Amino acid sequence: MSNQNRTMYGGRIDRGKVINFVFNGKKYKGFHGDTLASALLANDVHLVGRSFKYHRARGILTAGSEEPNAIVQLGLGARTEPNMRATEIELYEGLEAASQNCWPSVNYDIGSLNNVLSSIFPAGFYYKTFKWPPSLWLFYEHFIRKAAGLGHSPTAKNPDRYEQKFYYCDLTIVGGGISGLLSALAAGRSGCSVLLIDENPELGGYLLDYNFSINEKDGIKWIKNIVDELYSMDNVRILKRTTAMGYYDYNYLTALEKVTNHCDQLSKTLPRERYWRVRSKKIVLAQGAFERPLVFADNDRPGIMMASAGKKYLSRYGVLPGKSVVLFTNNDHAYQTAFEFNDKGAKLSVVDTRDNIDSRIQKKCEDLGIKLYSSSSIISTSGNKKVNQIEVQKVDRKQNELSGECITLDTDCILMSGGWNPAVQLFSQSRGKLRYDNVLNTFVPDKLIQDQIIIGCNNGCFDLSKNLNHSYQEGLNAAKDLNYEIADSINWTGEEEISFTESSVEPYMLGKKKVTKGSKHFIDFQNDVTAADIFLAQREGYISVEHTKRYTTTGMGTDQGKTSNVNALALMSHIHDKPVDEIGHTTFRPPFSPQTFGAIAGRSVDHLFDPERRTSIHKWHEENKAVFEDVGQWKRPYYFPKKKENIHDAVKRECLAVRNSLGMLDASTLGKIDLRGPDTTKFLNMIYTNAWSKLEIGSCRYGLMCNEHGMIFDDGVTTRLGEDHYHMTTTTGGAARVMSWLEEFLQTEWLDMEVFCTSVTEQWTVLSISGPNSRKFLQELTDIDLSKENFPFMKFREGKVCGIDSRVFRISFTGELSFEVNVPSRYGRFVWEQFMQHGKKYNITPYGTETMHVLRAEKGFIIVGQDTDGSVTPMDMNMDWIVSKKKQDFLGKRSFTRPDTLRSDRKKFVGLLVNDKKTVLPEGSHIVEKALKQPPMKMLGHVTSSYYSPILGHPIALAMVKNGTNRLGEKVEIPLMNGKVIEATIADTVFYDKEGNKNNE
Amino acid sequence: MFVINCPYCGERDQTEFSCHGEAHIARPDNPAEVSDQEWGEYLFFRNNPKGIHFERWTHDHGCRRWFNVMRDTVSDKIIKTYKMGDQKPGVTDV
Ligand SMILES: [Zn+2]
């Protein structure tokens, strides 16, 4: 039988549109407008999941975003999503969902043995059992994860698109119940730009499920008129199915909009979800309240749900979840649900913990034939997969003692209500302070910190008329604050069938004696935390609220304790006999509800994750099969393999081509900064360790930059182009850092210096040609006289290269005769191809970064960031020659005389040659005097660079070694990860062409 | 996340800025003459007050200018932003 629990008529579903769906492999039918939860209940499916720790049968507790139990795995394959609340999932054709945390099936679950064995699984069980030894944790964790997992993540790539939206407005209103609607209306009518956010598919809030009137007329119709008017306003934007997730400083709010989640088809044009980042001048919180469960013995069986949820299933979805129903309450408000259930044909009993029940309510129960048990409590429930029987007994609330006859009742549904908790999560996130209200027995907003307004039930006010008028007035006030001409005030009279006025918190129902007697009094349904666990935590000294939370894990599930927090605090208050105020509460943190990572990432995935920088020759590199390497955000050719070549073959060929004839490197990624202004020379003298005053126009100089700690920070060649004009180069990865460094000192320290820094990295393509044939080759393509006499080493010339106006620098990073040809980027590829074409006769060979590294290491040239690590001075690198003794001041100078930088046993930069002449040491290897069987052993330093040198025919390495320059020729040992120990000899850092003749040819 | 009033551009989102620690720490005029102790204080020692803090910020994704911010570290309220070289505001300006 299908939809056996559906009423004959009523509800806000479209009975004309039947929707087919699958739950746990079984086919069902629901209607358009159903949630998965309402459709399951309509089909009499109460058992929807197993609990986290004890694997107890669980049903549907609520009808909204606070649901702790009915969390399911939704969808299949790459779109599958875990931990989705069945109470929020709108039904769509073909929906497939399954229970989580059960194996082999929800009806027969092996893990439920945990329930039988629960005496060995109290709070803190995992902490106690798996604390020691640490090495076993990984072993235990494997089994814990398997037994206690929530849903599973998809393993395939998510095919959906997620968007992000930045939004700015006067007023953001969170919550589309009547309070939110009226504030929006008032502000909207006054001309404010308003963003109204609501997590449901329909505006109107909880009143949509209740009987109420406004000015003695039908309330539902009244709501519809307001919604229509809001939609007609251009200055009001309404987001349904949108959950406000985070409330940060300066009224910054994030919200997740489900755009096509609820649809049966992937949209071609719309994203699945949209993540809103909203900054508004004021924020109105109108999120309403969550109903509070009652804590009694075995209060978690399927068939037990919140009274307001029962009301919603009946009124909104036309679903009668049970025929023989017990309302268990401590307040008047919940009686509406009982009356409605009675009206729709259910047989009702009411158990009320109070003795002073309103006489009108008593009378109505009597008239309707509803049996009322006052001053009573449910003291036990039974029913394996669904509740079928309860026991009721008189209770003295003050003494917490049971008395009188124990009555047994048959039932198939329990509706419970322990009062209402304002949804203070977002308010608390915004740093708002809470106060414990002794009438409502819950936390309500107290002190506002940001420019915000709290209205309606969210503010702890449950009086309809007051809320209507206050909400509208607050909307007007906000508009007035923002200097809008405000609309007129309005007064309404609203009446609910029964309104909520007060309630007590029942810390744990009755019994004291029953708590440990095999039954469980659940406080946190999702994390399986019972009253007994809270007792245990107090006994074991975890008394602070933060400790209790972590020890018991109460409030730490995906629902963040929306239904459990207040009950846990009330129980602590009861145990310690202290007011709840003094117990305090834990801090709420974003997000309000679970949210997808996809939405947070938005479009910043795959190649859009981080910008990719490419040189003007990039396409040529691709076409010529370069293997690329990431250097910062740059893509640089790593090497250019020819057919069948591996990296070693290719690098060897490239290295030898440079040493023997001609190679070419795309060096465009080098940072380039154009410096101008009358104080530039003075400025360079402060920035670099060496002196710049005497550098002639047209000359280049290598420079080293240190930070104020005296540590090497960047290096590069800077050229004087004119009297007050320099061209600075930096390392590829350090370009942005150097630029900021220059600006920092110009803008904050030396405000009187007139220097202008402009990044020109991307304006110039740099072709570095290197090798004994480079001069001969280049001379054939340029009008610049390249002769040794007219264009010496470390000089700069301008002229035509391949007909293009170029800057040519005679500098070398390979030790060979080299020219760095800079051409405007738009000509980069043209010149590169001309060079390749013309260079054939010299066997011109394009080379990548690996060859560049090998060639510079053969010459002992450092790479900042590889051979240095931010803790080495120029002196440590044996570069005293570049540190001016004459200059009075430059950045870092004073630190060279700090005691630590003067230590004689500092690590020094040295060369390293392996004695076996064949092992290429792993970079980062530790160097020791004598390798022992196991640590500790005396450490001397580490390998910073290590390669096989093709021209020398053996490996070479560079290293930082304690007191290294005084150890030349000494033997050291390098223990490898595989247990082998390599012997090496400390050597000079220059391995090839020690005299430096080659680049002076 | 803050809204920061760049003295050159106006109010912008914090994502456009970065913070560079405490402001008004002058580099010694003649470092060669200061003691190791004084130099060490310039290099390493910073205030971490609960309350009013002066700090340096840059508008990286905007005008790229450096400026100073006077911020209450308790409430995270930015009390004042001002240009480099401007007088440090006194507590009476709060
Ligand atoms: Zn700016």
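Modeller: Let me start with a rule: a charge sits over a ring if NZ of Lys or CZ of Arg is within 6 Å of the ring centre and within 35 degrees of the ring normal. In chain B, B:Arg65 does this, with its charged end over the ring of B:Tyr8 and 4.1 Å from the ring's centre. Bear in mind that this is a predicted model, where local features need pLDDT of at least 70 and side-chain atom pairs pLDDT 80 or more, while totals for chains, interfaces and linings use all residues. As for bookkeeping, residues are numbered from 1 along each chain as its sequence is written, chains are lettered from A and ligands numbered from 1 in the order written, and side-chain values use heavy atoms, without hydrogens or water.

Now for chain B as a whole. Its C-alpha trace spans about 40 × 30 × 20 Å along the principal axes. Reading from the N terminus, the order in chain B is β-β-β-α-β-β-β.

Then there's the meeting with chain A. Chain B puts 29 residues into the contact and chain A puts in 28, where contact means heavy atoms within 4.5 Å. Between them, chain B and chain A bury about 2,400 Å², with carbon and sulfur atoms giving 45% of that area. Of the area that chain B buries against chain A, 28% comes from B:Met1, B:Arg27 and B:Trp66, more than from any other three residues. (Buried area is the accessible area, with a 1.4 Å probe, that two parts lose on being put together, summed over both.)

B:Arg27 turns up again among the charged pairs. It makes a salt bridge with A:Glu708, the closest N and O atoms being 2.4 Å apart; the rule there is a side-chain nitrogen of Lys or Arg within 4 Å of a carboxyl oxygen of Asp or Glu. Six salt bridges are counted between chain B and chain A. There are also 19 residue pairs in polar contact between chain B and chain A, both residues at pLDDT 80 or more. (That takes N or O atoms within 3.5 Å; within protein one must be able to donate a hydrogen and the other to accept it, and residues adjacent in sequence count only if both atoms are side-chain atoms.) On the side of chain B that touches chain A, helix α1 (residues 36-44) gives the most, with five residues. By class, that side of chain B has 16 nonpolar, five polar and eight charged residues (Ala, Val, Leu, Ile, Met, Phe, Trp, Tyr, Cys and Pro are nonpolar, Asp, Glu, Lys and Arg charged, and the others, Gly among them, polar).

For context, a few things elsewhere. A search of the whole structure gives 69 salt bridges over all chains. One of them joins A:Lys386 and A:Asp44, with the closest N and O atoms 3.6 Å apart. That pair links distant parts of the chain, 342 residues apart: A:Lys386 is in the loop between β21 (376-382) and β22 (389-396), and A:Asp44 is in the loop between α1 (36-42) and β3 (49-50) of chain A. A:Asp44 also has a phi near 60 degrees, a positive value in a residue other than glycine. Chain A has a charge over a ring as well: the charged end of A:Lys311 sits over A:Tyr210, 5.0 Å from the ring's centre. And two peptide bonds to look up there are cis, with omega near 0 degrees: A:Pro590 to A:Pro591, and A:Pro935 to A:Pro936.

Key: Helices (H or I, at least four residues) and strands (E, at least two) are DSSP runs, numbered from the N terminus.
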